[in-house]
Amino acid sequence: MTDQIKTLRDSAAMRWTALLLLSLAMFCAYIFVDILSPIKDLMETQRGWDSTSFGTMQGAETFLNVFVFFLIFAGIILDKMGVRFTAVLSGCVMLVGAGIKYYAISESFFDTGLERWFTENLNYIPIFDELGVSPFFEGMPASAKVAAIGFMIFGCGTEMAGIMVSRGIVKWFKGREMALAMGSEMALARLGVATCMIFSPFFAKLGGSIDVSRSVAFGVVLICIALMMFVVYFFMDKKLDSQTGEAEEKDDPFKISDLGKILTSMGFWLVALLCVLYYSAIFPFQKYAVNMLQCNLTFSELPADSFWASSSVTFIQYFLMLAVAATAFGFNFMKNKSVKYTMLTLSVVFLISYCYMGYMRQSAESIFAVFPLLAVGITPILGNYVDHKGKAASMLILGSILLVCCHLTFAFVLPMFKGSQVGGVIVAYLTILVLGSSFSLVPASLWPSVPKLVDAKIIGSAYALIFWIQNIGLWLFPMLIGKALDKTNVGVTDATKLDYTAPLLMLASLGVIALLIGLTLKVVDKKKHLGLEEPNIK
């Protein structure tokens with residue numbers, strides 16, 4: 001007897017369509033988050049930002065979420081107002097912040113009264129300076145200060161969107177393919193990182209003239225698209241509620257006292273700590289990864305009339321990247337064995353072709369863009385495994401081990417190949433692919449574990465608290481990396497000659513602590529029967 005389709009949620013096509021809308025919106029948001037990361041060297045030469053200014057601005061994304069507790073309020077809004085209202089609100093907030101950041105970096109900002117005001121002010125903020133957590137500092141360029149303000153606002157929207165998407169997936173997929181859905185959403189969203197790495201430098205250097213504001217404008221357009229995706233999702237979610245009779249914002253209303261149920265859960269705290277450590281070793285690294293590769297790989301300057309220096313090769317490589325992602329992802333869902341392994345073979349061929357083009361382009365950003373590709377292929381496998389077999393805590397441990405190995409490789413092994421173009425690029429590609437695959441272990445195992453630790457009505461607040469704790473690391477470590485670079489590279493004026501050993505060791509240490517917490521979590525799960533090692537589908 002087949003299951004009858006009574007609501008949109010019961011239709012596989014409809015719930016995966018809802019997931020696609022949320023994933024595409026986050027894909028666009030992820031592009032904007034790292035829009036300046038692959039052009040750090042250009043921000044230094046074109047806007048006068050040193051590593052500390054760059055890191056402080058990048059860390060500002062999470063400042064309001066951490067110190068004004070906006071993420072906690074976002075979780076309460078989500079629990080009281082529901083997924084669809086929060087989706088549209090987060091999209092609007094992201095767009096406002098993105099617009100401010102674009103204005104700060106554009107030519108129209110310079111030589112204005114606003115630039116002079118920001119140059120002379122916000123150099124000292126009482127209490128924040130004493131605590132050492134100010135988002136500005138004396139000598140910070142005015143453009144970086146205003147960009148930081150815009151990024152703070154954008155960060156409120158994107159983190160609100162993050163917890164909303166997690167809650168939305170729980171709503172549409174609970175009792176079904178939830179880990180697969182969460183892993184697939186993050187796999188698609190992380191293609192935004194690769195897209196950013198390829199196209200941000202492309203737009204900045206378009207037409208032979210350098211203008212970093214073009215990269216940010218590209219990102220603003222994508223945030224407009226993200227808002228449209230959320231609007232479409234709004235109507236799908238509304239239709240679902242009309243079919244099920246659910247009304248998240250009215251039934252069993254949220255109370256502040258409910259937070260106590262979250263804060264007294266040891267499992268919750270271990271998951272939250274593991275999350276902040278793991279993500280702090282990944283997201284801040286992404287903001288410096290291209291510059292790190294520029295400093296540790298040997299590149300040759302390409303002739304201006306070379307095919308590999310042309311703009312057309314950018315699009316060819318990007319289409320190859322999409323082909324890798326599509327065939328690797330589709331491989332997991334093919335039933336026919338011959339078709340299945342044909343797609344796997346094609347994926348490998350496309351990946352090798354992509355890597356070859358990255359090498360021929362002599363481009364650090366196109367090399368790092370390979371970061372999410374292996375993850376796209378294995379995330380569905382991991383998600384499907386967690387759904388049917390469990391072992392989420394074990395996967396978190398494995399992810400931490402791979403994380404430590406990759407950062408140590410970047411710190412000590414990659415510099416040994418500085419004089420070898422081919423050897424260095426091969427080491428870089430392999431390490432980046434493994435790092436990306438380790439990152440795929442987290443969404444497939446960590447996020448689906450949260451509903452096992454808290455009541456359904458406070459899932460939004462639970463995700464908000466985890467994101468808030470995570471944001472502390474995402475605010476702190478971009479700054480620490482920037483300061484570590486300036487402190488350990490005194491007198492170095494060439495942005496492609498920096499020594500990244502100290503920051504990479506700092507990130508590796510985060511992975512070691514995450515590994516210890518992961519082992520503790522597994523022990524606690526076994527003693528308290530939290531169900532983290534159990535399958536989602538029973």
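A salt bridge here is a side-chain nitrogen of Lys or Arg within 4 Å of a carboxyl oxygen of Asp or Glu. In this predicted model, lysine 287 and glutamate 61 form such a pair, with their closest N and O atoms 4.0 Å apart. Across the whole structure, the search finds seven salt bridges.

**Helix H14 and the H3–H4 loop**
- Lysine 287 belongs to helix H14 (residues 283–296), whereas glutamate 61 sits in the loop between helix H3 (51–59) and helix H4 (63–67).
- The two residues are 226 residues apart, and their pairing links distant parts of the chain.
- Lysine 287 and glutamate 61 are both buried.

**Helix H2 and the H6–H7 loop**
- Arginine 47 forms a salt bridge with glutamate 107, and 3.7 Å separates the closest N and O atoms.
- This pair links distant parts of the chain, 60 residues apart: arginine 47 is in helix H2 (residues 40–47), and glutamate 107 is in the loop between helix H6 (83–105) and helix H7 (113–120).
- Arginine 47 counts as buried because its relative accessibility is 11%, and the cut-off for buried is under 20%.

- Aspartate 241 forms a salt bridge with lysine 171, the closest N and O atoms lying 2.9 Å apart.

Key
Residues are numbered from 1 along each chain as its sequence is written. This is a predicted model: local features need pLDDT of at least 70, side-chain atom pairs count only at pLDDT 80 or more; totals for chains, interfaces and linings use all residues. Side-chain values use heavy atoms; hydrogens and water are left out. Helices (H or I, at least four residues) and strands (E, at least two) are DSSP runs, numbered from the N terminus. Buried means under 20% relative accessible area, exposed over 50%, partly exposed in between (1.4 Å probe, protein chains only).
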